[in-house]
Amino acid sequence: MTSAYVELTALKLKTKIGTYGPREPRPKQHVLDLKLWIDRKLVLIDEDRMDRVFDYDELIRDIDILAGDSHYETQERLITRIVEACASYSAIESVEIGLTKFPVRASTGHLGIRLHVDTKKMAQIRKSLL
């Protein structure tokens, strides 16, 4: 069996997530990791042409817009919106997403959320967006 995915790691997002009191430390950074499982035919190509591959640039622009368009109380909500954005691309069969913030306390610690959405769930999300 052959599988293929596009992997995006350590993308720093310009976003505001969480509600903090005056003396609570605020995360300085939120970092996104993303694996997008795609049809292997979009990787094993017979010609070096953009129309033969999955062009991820538009998805990255979508993610930048989602990250910056509002204040989020939770990382989970931003992850959900990014998964929905991924579902709008028919080439994406399934997705694994991780969002990490740091520091968690003072100047230490990373806290992350990870989610894997399989092909069946991705199809359900895609259908709900129509």
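**View 1. H30 sits in strand β3.** Strands are DSSP runs of E with at least two residues, helices are runs of H or I with at least four, and both are numbered from the N terminus. The model is predicted: local features need pLDDT of at least 70, side-chain atom pairs count only at pLDDT 80 or more, and totals for chains, interfaces and linings use all residues. Residues are numbered from 1 along each chain as its sequence is written, and side-chain values use heavy atoms, with hydrogens and water left out. H30 is buried, at a relative accessible area of 4%. Buried means under 20% relative accessible area, exposed over 50%, and partly exposed in between (1.4 Å probe, protein chains only). Setting aside neighbours within four places in sequence, H30 is in contact with L11, K12, L13, T15, I17, Q75, L99, T100 and K101. Contact means heavy atoms within 4.5 Å.

**View 2. Y5 and W37 form a tilted pair.** The structure holds two aromatic pairs. In this one, the ring centres are 5.2 Å apart and the planes stand at 50°. Rings of Phe, Tyr and Trp (its six-membered ring) pair if their centres lie within 6.5 Å; planes under 30 degrees apart count as stacked, over 60 as edge-to-face and the rest as tilted. Y5 belongs to strand β1 (residues 4-13) and W37 to strand β3 (residues 29-38), so the pair links distant parts of the chain, 32 residues apart. Y5 is partly exposed, with a relative accessible area of 38%.

View 3. F54 lies in the loop between β3 and α1 (57-68). Y89 lies in the loop between α2 (75-87) and β5 (92-102). The two are 35 residues apart. Both F54 and Y89 are buried.

**View 4. Helix α1 has a buried face.** Its buried residues are L59, I63, L66 and A67. The arc is taken from the directions from the helix axis to the C-beta atoms. These buried residues pack against β1, β2 (16-17), β3, β4 (71-72), α2 and β5. The face turned away carries the exposed residues I65 and G68.

**View 5. Helices α2 and α3 are roughly perpendicular.** α3 covers residues 119-129. The two helices pack at an angle of about 85°, with axes 9 Å apart. V83, E84, C86 and A87 in α2 meet M122, I125, R126 and L129 in α3.

How values were computed. Axes are lines fitted to C-alpha atoms, for helices over the stretch in contact, and angles run from 0 to 180 degrees between N-to-C directions. Angles under 35 degrees count as roughly parallel, over 145 as roughly antiparallel, 65 to 115 as roughly perpendicular and the rest as oblique.
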